[in-house]
Amino acid sequence: MRKIVASLTAFTALTAAASAADLPRRAYTPPPPPVPVFTWAGAYFGINAGYITSTKDTVTTAGVFPVNDGVRVGNRPAALGLPRDGFTGGGQLGYNFQFTPGSGFVVGAEADLAYTDLSRTRSTTGRLGGISTFRELGSFLGTVRGRVGYAFDRTLVYGTGGFAYASESYRGVFQTAAGQPSFYGSNARVETGYAAGGGIEFALPTDSVFNVFHSNAVTVKGEALYYDLGRRTVPLVAVGPGVGAYASRFRNEGVLGRFGLNYKFGS
């Protein structure tokens with residue numbers, strides 16, 4: 001009897017094992033791929049455009065020798081406002097390093113160069129009929145700045161500051177009441193100083209319609225900068241038989257606001 005029971009048990013176990021082997025196996029489902037974490041690290045280049053205006057724009061004038069008393073008697077302006085504003089547009093390139101992907105601190109450097117439509121000519125007539133004309137022209141502004149910010153995933157808030165330079169030309173002409181030049185002076189040079197400001201930048205989806213260069217990120221930014229390029233004194237010397245000279249001091253400070261589009265490569 002024991003042999004019969006053991007045989008039936010063994011037969012049942014073998015039958016169950018064979019049936020289990022014939023069952024279809026469950027298909028293996030791989031885990032979903034990890035979602036890429038955005039990083040601001042890498043090199044970039046882009047374009048910018050905006051508005052620029054002067055902030056301290058008064059030209060001050062003094063007579064160099066006592067014989068030039070035109071300022072004292074009111075025939076030449078001791079101070080004359082020369083405000084300037086206009087369009088600015090250009091390009092930039094730079095590099096960012098991010099300490100942690102996703103959200104975290106970002107440091108970098110950027111260089112830019114932009115055309116500036118900063119031109120103003122102004123004339124005034126003195127008490128004795130003397131005509132005084134001043135002109136200041138700025139054709140480009142460039143900066144080399146560091147950037148420090150914090151990234152909230154695809155949004156970067158940053159501060160920036162560094163070296164600034166610009167092409168500037170100055171001119172002053174004093175005429176008699178009859179319109180004859182009596183004193184003239186001019187100067188054209190590249191001025192240097194500093195710029196500081198801040199901005200916010202946002203990364204668009206990689207497949208954005210703006211991604212014409214097939215970069216791994218396209219970003220848009222809004223930025224505001226203050227620049228100070230110092231002061232420049234221009235001597236106005238006598239024309240013809242005149243005697244002596246005047247000295248006119250121009251100031252070169254201002255602010256700009258602009259939008260930019262960047263193409264990022266690298267990480």
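1. Strand 6 and strand 7 (residues 155-175) pair in the antiparallel sense, with 21 bridges between them. Strands here are DSSP runs of E of at least two residues, numbered from the N terminus, and two strands pair if DSSP finds at least two bridges between them. Within this pairing, Gly146 has Gly161 of strand 7 as its bridge partner. The hairpin has 2 residues between the strands, and Asp153 takes a positive phi near 60° there.

2. A word on the basis: this is a predicted model, in which local features need pLDDT of at least 70 and side-chain atom pairs count only at pLDDT 80 or more, while totals for chains, interfaces and linings use all residues. Residues are numbered from 1 along each chain as its sequence is written, and side-chain values use heavy atoms, with hydrogens and water left out.

3. Strand 6 (residues 131-152) also pairs with strand 5 (residues 104-125), in the antiparallel sense over 20 bridges. Asp112 finds its bridge partner in Thr143 of strand 6. This hairpin has 5 residues between the strands, and Gly129 takes a positive phi near 95°.

4. On to the rings: the structure holds 14 aromatic pairs. Rings of Phe, Tyr and Trp (for Trp, the six-membered ring) pair if their centres lie within 6.5 Å; planes under 30 degrees apart count as stacked, over 60 as edge-to-face and the rest as tilted. Phe38 and Trp40 make an edge-to-face pair, because their planes stand at 90° with the ring centres 5.3 Å apart. Both Phe38 and Trp40 are buried, where buried means under 20% relative accessible area, exposed over 50% and partly exposed in between (1.4 Å probe, protein chains only).

5. Phe45 and Phe265 form a stacked pair, since their planes are at 5° and their ring centres 6.0 Å apart. Phe45 belongs to strand 1 (residues 42-56) and Phe265 to strand 10 (residues 245-265), so the pair ties together parts that are 220 residues apart in sequence. Phe45 is partly exposed at a relative accessible area of 35%, and Phe265 is partly exposed too, at 31% relative accessibility.

6. Lastly, charges over rings (NZ of Lys or CZ of Arg within 6 Å of the ring centre and within 35 degrees of the ring normal). The charged end of Arg147 sits over the ring of Tyr158, 4.3 Å from its centre. Arg154 places its charged end over the ring of Phe38, 4.6 Å from the ring's centre.

Key
Helix = DSSP H or I, 4+ residues; strand = E, 2+ residues; numbered from the N terminus.
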